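The points below are meant for a colleague who is opening this entry for the first time. They go from the whole chain to single residues, and they can be followed with the sequence and the 3D view side by side.

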Amino acid sequence: MSAPVTVLGLGNMGTALAKAFLGAGHPTTVWNRTPGKAAELVAGGAVEATDLDAALTADGLIVVCLLDYEPMADLLGRTPAGATVVTLTTGSAQAARDAAELAGRRGVHYLDGAIMAVPAQIGGPQTLIFYGGPEASYQEHQQTLAAIAGGGVYLGPDTGLPAVYDIALIGFMWITVLGLQHGLALAATEKVRGEELLPYASAWLEQVITPLVPELAAQADSGEYPDGGSALDMQLHGMHLWAQVSRSQGVDPVLPDYLVRLTEQMIEQGHGPGGFGSLIEALRQR
Ligand code: FVH
């Protein structure tokens with residue numbers, strides 16, 4: 001029989017997690033602060049705990065997915081010694097380490113995780129969740145956790161590391177997406193529709209941007225920024241054009257202006273003949 005689990009928090013993500021556990025045959029107990037969110041899960045076989053203490057004393061792994069870490073001190077203070085908690089709430093590395101420390105003092109086994117997916121992707125074979133915490137706890141529950149994310153990755157004993165990976169990748173996603181939206185806004189001022197640009201935007205991502213990821217990561221580690229045939233001095237002209245066209249077309253120029261400022265700063269410091277990778281130095285100087 002599959003291991004039992006308890007899911008605390010039935011927002012969009014907690015509900016998706018509970019559904020995936022149920023779908024994989026895990027006896028699933030659920031709890032939510034505000035009543036009324038468990039009906040569909042109960043119809044699917046979940047047991048709704050009468051209150052938080054009943055949820056915390058149900059058998060099996062306790063999976064927490066709340067809005068933030070604010071309720072964690074209370075929650076861990078009420079968790080029985082010997083239980084294992086895995087928190088999948090988004091938070092800082094410090095919040096995760098504080099929770100782990102409190103759990104340790106209470107004799108509660110503690111893992112922290114970061115979900116790198118939206119609710120519809122939960123339960124997928126490649127869905128990524130980062131985990132950190134005691135290896136023995138992770139190994140004990142690895143199979144159960146595979147029900148929510150087939151691509152789960154254990155990063156090591158530091159419970160703060162999943163949050164570090166999360167914040168680095170989420171920022172990358174937002175700025176990449178914002179860059180696309182800026183381009184769509186600019187194209188629209190010349191009556192080019194999103195669907196017309198789409199095939200080229202997708203190819204641009206795959207053929208030009210994706211190959212830059214390992215190159216830029218290696219340059220960030222080495223501190224060496226080869227020009228790769230596109231020196232920063234040369235690129236500054238295109239960046240000025242991006243800013244100027246944004247202004248003239250009535251699209252917010254804050255992104256190109258920021259890029260120009262970072263690039264000029266690096267050129268002043270002698271990186272003009274080098275590549276785009278040196279901009280990480282400007283970010284580190286702030
Ligand atoms: N949904 C997503 O796309 C993202 C994907 C990546 C990871 N996030 C993180 O997951 C956490 C939960 O997100 P969510 O989508 O489930 O969020 P909501 O639908 O807004 O539900 C929030 C739940 O948290 C409960 N809650 C809030 N404060 C408290 C509290 N003080 N004590 C107990 N529970 C609390 C809330 O309960 P209620 O308002 O219904 O009573 C919901 O169950 C989040 O960290 C994302 O960043 C999701």
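1. Salt bridges in the whole structure. The model is a predicted one, and a search through all of it finds seven salt bridges. Three of these pairs are taken up individually in later points, after a look at the chain as a whole.

2. Overall build. The chain holds 12 helices and eight strands, and its C-alpha trace spans about 65 × 40 × 30 Å along the principal axes. The domain assignment gives domain 1 as residues 5-157 and domain 2 as residues 189-284, and the C-alpha centres of domain 1 and domain 2 lie 40 Å apart.

3. Of the 286 residues in the chain, 38% count as buried.

4. Charge. The chain carries 13 positive and 29 negative side chains. The centres of these two sets are 7 Å apart.

5. The pair Asp53 and Arg78. The side chains of Asp53 and Arg78 meet in a salt bridge, with 3.0 Å from N to O. This pair links distant parts of the chain, since Asp53 belongs to helix 3 (residues 52-56) while Arg78 sits in the loop between helix 4 (72-77) and strand 5 (84-87), 25 residues apart. Asp53 has a relative accessible area of 35% and is therefore partly exposed, and Arg78, at 34% relative accessibility, likewise counts as partly exposed.

6. The pair Asp158 and Arg97. Here the closest N and O atoms of the salt bridge are 2.9 Å apart. Asp158 is in the loop between strand 8 (153-154) and helix 7, whereas Arg97 is in helix 5 (residues 93-105), and the pair links these distant parts of the chain across 61 residues. Asp158 counts as partly exposed at 30% relative accessibility, and Arg97 is partly exposed too, with a relative accessible area of 33%.

7. In the salt bridge between Asp257 and Arg247, the closest N and O atoms are 2.5 Å apart. Asp257 lies in helix 11 and Arg247 in helix 10, so this pair ties together parts that are 10 residues apart in sequence. At 28% relative accessibility, Asp257 counts as partly exposed.

8. The buried side of helix 11. Which residues of helix 11 (residues 254-271) are buried? They are Pro256, Leu259, Val260, Leu262, Thr263, Gln265 and Met266. The buried residues of helix 11 pack against helix 7 (161-188), helix 10 (232-249) and helix 12 (279-284).

9. Ser246 in helix 10. Is Ser246 buried or exposed? With a relative accessible area of 0%, Ser246 is buried, and its place is in helix 10. When residues up to four places away in sequence are not counted, Ser246 touches His182, Leu186, Val251, Pro253 and Pro256; Pro256 is also one of the buried residues of helix 11.

10. Ile167 in helix 7. Ile167 lies in helix 7 and counts as exposed, because its relative accessibility is 61% and the exposed class begins over 50%. Ile167 and Ala114 are 53 residues apart along the chain, and their C-alpha atoms are separated by 9.3 Å.

11. Gln219 in helix 9. Gln219 is found in helix 9 (residues 212-222), and it counts as buried because its relative accessibility is 11%, where buried means under 20%. Leaving aside neighbours within four places in sequence, Gln219 is in contact with Glu224, Tyr225, Pro226 and Gly277. How many residues lie between Gln219 and Leu111 in sequence terms, and what is their C-alpha to C-alpha distance in space? Gln219 and Leu111 are 108 residues apart in sequence and 32 Å apart in space, C-alpha to C-alpha.

Conventions: Residues are numbered from 1 along each chain as its sequence is written. This is a predicted model: local features need pLDDT of at least 70, side-chain atom pairs count only at pLDDT 80 or more; totals for chains, interfaces and linings use all residues. Side-chain values use heavy atoms; hydrogens and water are left out. Buried means under 20% relative accessible area, exposed over 50%, partly exposed in between (1.4 Å probe, protein chains only). Helices (H or I, at least four residues) and strands (E, at least two) are DSSP runs, numbered from the N terminus. Contact means heavy atoms within 4.5 Å. A salt bridge is a side-chain nitrogen of Lys or Arg within 4 Å of a carboxyl oxygen of Asp or Glu. Domain bounds come from an automatic or database domain assignment. Lys and Arg count as positive and Asp and Glu as negative; His and the chain ends are not counted. The place of a charge is taken as NZ of Lys, CZ of Arg, CG of Asp or CD of Glu.
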